[in-house]
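Here's a quick briefing for anyone opening this structure for the first time. Take a look at the sequence and the fold, then read on.

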Amino acid sequence: MKKKVLLFLLSVSVATVSLSHMESWVFAEAVTEGSIGESSKEPAEGSTEEAPKDPTEGSAEELPKDPTEGSVEELPKDPTEGSAEEPPKDPTEGSAEEPPKDPTEGFAEEPPKDPTEGSAEEPPKDPTEGSTEKPEGDNSGDTVLTPEPPAAGVVFDIGQDHYKVTTAGSEVAFTGTSGTGTIKIPALVTVDNITYKVTSIESDACKNNTGIEIVILEGNITSIGNNAFSGCTGLKSVLLNTGITTIGMEAFSDCIALTSVAIPKTITKIAARTFRGCTKLKTVSISSGVTVIGKGAFRDCMSLSMITVPKSVTSINENAFNGCLKVSTVTLKTGLKSIGDSAFANCTSLKSISVPKSVTTIKSNAFSGDKKLSVVTIGSGLKLLGKKVFCNCSKLSVIIIKSGNLDTVKSNAFMGISSSAVIQVKSAKVAEYTKLMAGKGQGKNVTVTKII
């Protein structure tokens with residue numbers, strides 16, 4: 001309200017001053033028009049105090065002044081007012097030309113900015129959107145990086161078959177199956193665009209899976225773990241691929257329906273009890289790569305009728321063929337050095353055997369219990385006969401020993417052989433071997449003579 005009153009008074013003052021100026025101008029014009037002669041040149045502004053005198057008039061030179069008026073040039077100032085050019089300023093207000101600004105408002109040219117908004121030129125950016133540069137984590141348009149392959153130990157399934165990564169990005173093991181009938185273990189499998197070689201069959205992979213009948217192994221398998229197919233009582237046939245180097249212990253034990261098996265040449269050792277208890281196994285083909293036949297490898301394979309051991313084999317370990325009741329023929333090749341404890345024990349159908357000259361040791365009970373064994377021929381390299389080697393071979397009547405290097409015959413080596421048996425040796429060794437073999441379990445009528 002105060003501002004409005006002051007503005008009103010200022011307007012009245014300006015109007016009054018303007019009116020005074022107008023009256024002075026009218027008066028001056030009247031004086032000028034009433035002069036007789038030519039007036040002198042118009043004085044400059046501000047010098048009207050000495051106007052030219054009219055000679056026809058009296059004291060017209062000096063007109064009485066209106067005490068309420070000033071000269072045109074200098075009007076008296078109202079102490080409460082400023083000049084028209086510069087009216088007094090209200091300290092609470094700005095000049096008319098520049099009205100006071102409301103501190104809560106901005107300039108008309110630049111309206112105040114909303115702090116939640118950006119300028120019109122640069123609208124606020126969505127923090128989820130970047131400039132031309134891609135925000136962190138945005139891989140669109142980039143070359144897609146191949147993820148790291150699963151680490152060793154990661155398992156996965158393909159159909160009914162189970163696998164485990166053994167070498168990241170390259171190799172897996174077959175760990176089992178819920179399938180039955182024919183099981184084919186492939187050379188390669190592909191998962192998530194990564195192709196793996198199937199290089200092994202894990203221990204216990206198919207143990208006691210009685211529904212499996214046929215197993216086919218393809219080219220990349222190098223090892224079969226312990227008990228991998230143990231107890232697969234329905235398994236009739238297994239095709240082992242060339243390339244396998246290891247068959248674990250009891251891998252096919254107690255596969256009572258298995259009838260034949262061929263050991264590939266890449267196998268160097270038939271492990272302990274690999275085919276133990278395969279009661280219907282009739283035919284075994286052992287390749288020339290095998291060097292060791294492990295403990296009990298074919299024990300109790302009661303249907304096996306013939307055994308051929310290649311020359312690559314240097315050792316037949318204990319109980320390897322123990323209990324092979326139907327074996328009638330065993331062929332051992334030169335290269336064999338040792339026949340282990342009970343290796344051919346209880347082969348009750350075996351009638352004869354020839355031990356090659358490369359064999360130096362026949363260990364305890366090697367042929368014990370072979371009730372039909374009648375003739376044994378031992379080559380020239382023999383050095384040791386173990387305990388009860390021929391124990392209870394009741395029909396053993398001829399033992400031929402060609403070696404001149406035999407120096408150890410252990411107790412009861414000949415216990416239970418035929419009471420009329422003849423042990424034939426080199427003529428030069430008759431006396432020596434008679435003493436060496438005396439009291440080794442044979443009957444009194446058993447004699448040592450030269451080879452006929």
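What follows is a short tour, from the overall picture to single residues.

This is a predicted model, so keep the ground rules in mind: local features need pLDDT of at least 70, side-chain atom pairs count only at pLDDT 80 or more, and totals for chains, interfaces and linings use all residues. Residues are numbered from 1 along each chain as its sequence is written, and side-chain values use heavy atoms, with hydrogens and water left out.

**The big picture**

- The protein has two helices and 26 strands; these are DSSP runs numbered from the N terminus, with helices being H or I of at least four residues and strands being E of at least two.
- Of the 452 residues, 35% are buried, where buried means under 20% relative accessible area, exposed means over 50%, and partly exposed is in between (1.4 Å probe, protein chains only).
- The protein exposes about 26,400 Å², with carbon and sulfur atoms supplying 53% of that; the areas come from the Shrake-Rupley method with a 1.4 Å probe, and for residues only the protein chains shown count as cover.
- Take the contacts (heavy atoms within 4.5 Å) between residues at least 6 apart in sequence: 36% of them join residues at least 24 apart.

**Strands side by side**

- Strands count as paired if DSSP finds at least two bridges between them.
- β15 and β17 pair in the parallel sense over four bridges, and Ile 307 has Val 330 in β17 as its bridge partner.

**The nonpolar core**

- A nonpolar core here is a set of buried Ala, Val, Leu, Ile, Met, Phe, Trp, Tyr and Cys residues joined through side-chain atoms within 4.5 Å.
- The largest one holds 92 residues, and Ile 293 and Phe 390 touch the most other members.
- Strand β6 (residues 194-201) gives the most to this core, with four residues.
- Beyond its neighbours within four places in sequence, Phe 390 is in contact with residues including Val 376, Ile 378, Ile 399 and Phe 414.

**Two serines in loops**

- Ser 312 sits in the loop between β15 (306-309) and β16 (315-316), and it's buried because its relative accessible area is 17%.
- A polar atom of the Ser 312 side chain lies 2.6 Å from the backbone oxygen of Ser 288; a polar contact is a pair of N or O atoms within 3.5 Å, where within protein one must be able to donate a hydrogen and the other to accept it, and residues adjacent in sequence count only if both atoms are side-chain atoms.
- Not counting residues up to four places away, Ser 312 touches Ser 287, Ser 288, Gly 289, Val 290 and Thr 291.
- Ser 403 is in the loop between β23 and β24, and with 0% relative accessibility it counts as buried.
- The Ser 403 side chain has a polar atom 3.2 Å from the backbone oxygen of Ser 380 and one 2.6 Å from the backbone oxygen of Leu 382.
- Tyr 433 is among the residues that Ser 403 is in contact with, leaving aside neighbours within four places in sequence.

**Two asparagines with positive phi**

- Most residues other than glycine have a negative phi.
- Asn 365 has a positive phi of about 60°; it lies in the loop between β20 (361-362) and β21 (375-378) and is partly exposed at 23% relative accessible area.
- Asn 412 also has a positive phi, near 60°; it lies in the loop between β24 (408-409) and β25 (422-425) and is partly exposed at 27%.

- With a disulfide taken as a pair of cysteine sulfur atoms within 2.5 Å, the count is zero.
- Cys 324 is in no disulfide, as the nearest cysteine sulfur, that of Cys 301, is 5.2 Å away; Cys 324 is buried at 0% relative accessibility.
- Cys 393 has its closest cysteine sulfur in Cys 391, and at 7.6 Å that's too far for a bond; Cys 393 is buried too, at 0%.
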